[in-house]
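Hi,

Here is the structure I said I'd pass on to you. Have a look around first, then read my notes below.

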Amino acid sequence: MQRQSGAAALKRMLAEAKRVVVFTGAGISTESGIPDFRSPGGIWTQMAPIYFDEFLASEDARRETWRRRFAMEDIFKAAEPNRGHRAVDALVRRGKVSAVITQNIDGLHEASGIPKDKIIELHGNTTYATCLDCGERYEIADLRAIFERDGVVPPCDKCLGHVKTATVSFGQAMPVLAMKRAEQETRAADLCIVLGSSLLVYPAAGFPELAKRNGAALVIVNREETGLDRIADLVLHTPIGDTMGEAVGVN
């Protein structure tokens, strides 16, 4: 593992790389005020997650899922891209980063200016909802108004299927196309930068490991140790915004 000074070492690796893939987790979004779900003290340690089969089977589970989502709405709406998001956006615009693979569901990468076709959302997106059967899109604000009036989110008005945030719940299948694209981009990269992921949640966390096995350099910027620190070329336990902003030259 290289023991160079943080952002300067990352800057040199970025300069040498020809095709970079960025892999992001909750740590980049916590710097924008989005709560962490999985870490110690995170949301899932305070309340048990609702599994996908529960959502399908129980009206009570669906009601509680939506209650939790609307309780978080003001936090999601208030969050804005931070320096880390802006640095990644700058690398995409410079043609250095070919894709951003994210575990996050908050839409902040797109809000930072990164084109949607450059973002691969492994766990979906919570900023809108879809019908699980026909795919009809629904806006969160519209659903919240109905929920506050009636206490439930009604079935799809096109096909009567269940309407759910466009996220991947516990026990729900991973999106096939997103996983395929992520693998293709990972195999094509010569540098993989992990930003704010514990690298504990598989299969998503398998992509940085695949990049390293495939010959790419691996950089991990995360507050806590990860399971891949031992094989990474550079590990920085520093704030993402400061580190990326300095390395990329973005305020």
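Let me begin with a pair of strands. Strands β4 and β5 (residues 137-139) run antiparallel and are joined by three bridges. If you want to find two of those spots, Thr130 has Arg137 as its bridge partner in β5, and Tyr128 is partnered with Glu139. Together β4 and β5 make a hairpin, with five residues between the two strands. Look for Gly135 in that turn: its phi is positive, at about 85 degrees. Keep in mind that this is a predicted model.

Now the other neighbour of β4. Strand β6 (residues 163-167) is also antiparallel to β4, and five bridges join the two. In case sheets are new to you: strands pair through backbone hydrogen bonds, and they can do so parallel or antiparallel.

Put together, you get an open sheet of three strands in the order β5-β4-β6. β5 and β6 are the edge strands, each pairing on one side only. From one strand to the next, the twist averages 45 degrees.

Two helices pack on this sheet. Helix α5 (residues 59-71) touches β4 and β6, and its direction makes about 50 degrees with that of β6. Helix α9 (residues 140-150) touches β4, β5 and β6, at about 70 degrees to the direction of β5. As for β4 itself (residues 124-131), seven of its eight residues are buried, so the rest of the structure largely encloses this strand.

Next, helix α1 (residues 6-16). Which of its residues are buried? They are Ala7, Ala9, Leu10, Met13 and Leu14. Viewed down the axis of α1, the buried residues fall within an arc of 160 degrees, so they line one face of the helix. Ala15 and Glu16, on the other side of α1, are exposed. The cover over the buried residues includes β1, α7, β7, β8, β9 and α12.

Two of those covering helices also pack against each other. α7 (residues 83-93) and α12 (residues 240-248) meet at an angle of about 30 degrees, with their axes 7 Å apart, and their crossing is left-handed. From α7, the residues involved include Ala87, Val88 and Leu91, while those from α12 include Ile240, Met244 and Val248. By class, this contact has seven nonpolar, three polar and three charged residues.

Happy exploring!

Definitions and conventions. Residues numbered from 1 in each chain as written. Predicted model: local features only at pLDDT ≥ 70, side-chain atom pairs only at ≥ 80, totals over all residues. Heavy atoms only, no water. Buried < 20%, exposed > 50% of the residue type's maximum accessible area, 1.4 Å probe, protein only. Helix = DSSP H or I, 4+ residues; strand = E, 2+ residues; numbered from the N terminus. Pairing = 2+ DSSP bridges. Axes fitted to C-alpha atoms, helices over the stretch in contact; angles between N-to-C directions. Left-handed = near helix turned anticlockwise from the far one by under 90°. Contact = heavy atoms within 4.5 Å. Nonpolar A, V, L, I, M, F, W, Y, C, P; charged D, E, K, R; others polar. Arc of directions from axis to C-beta.
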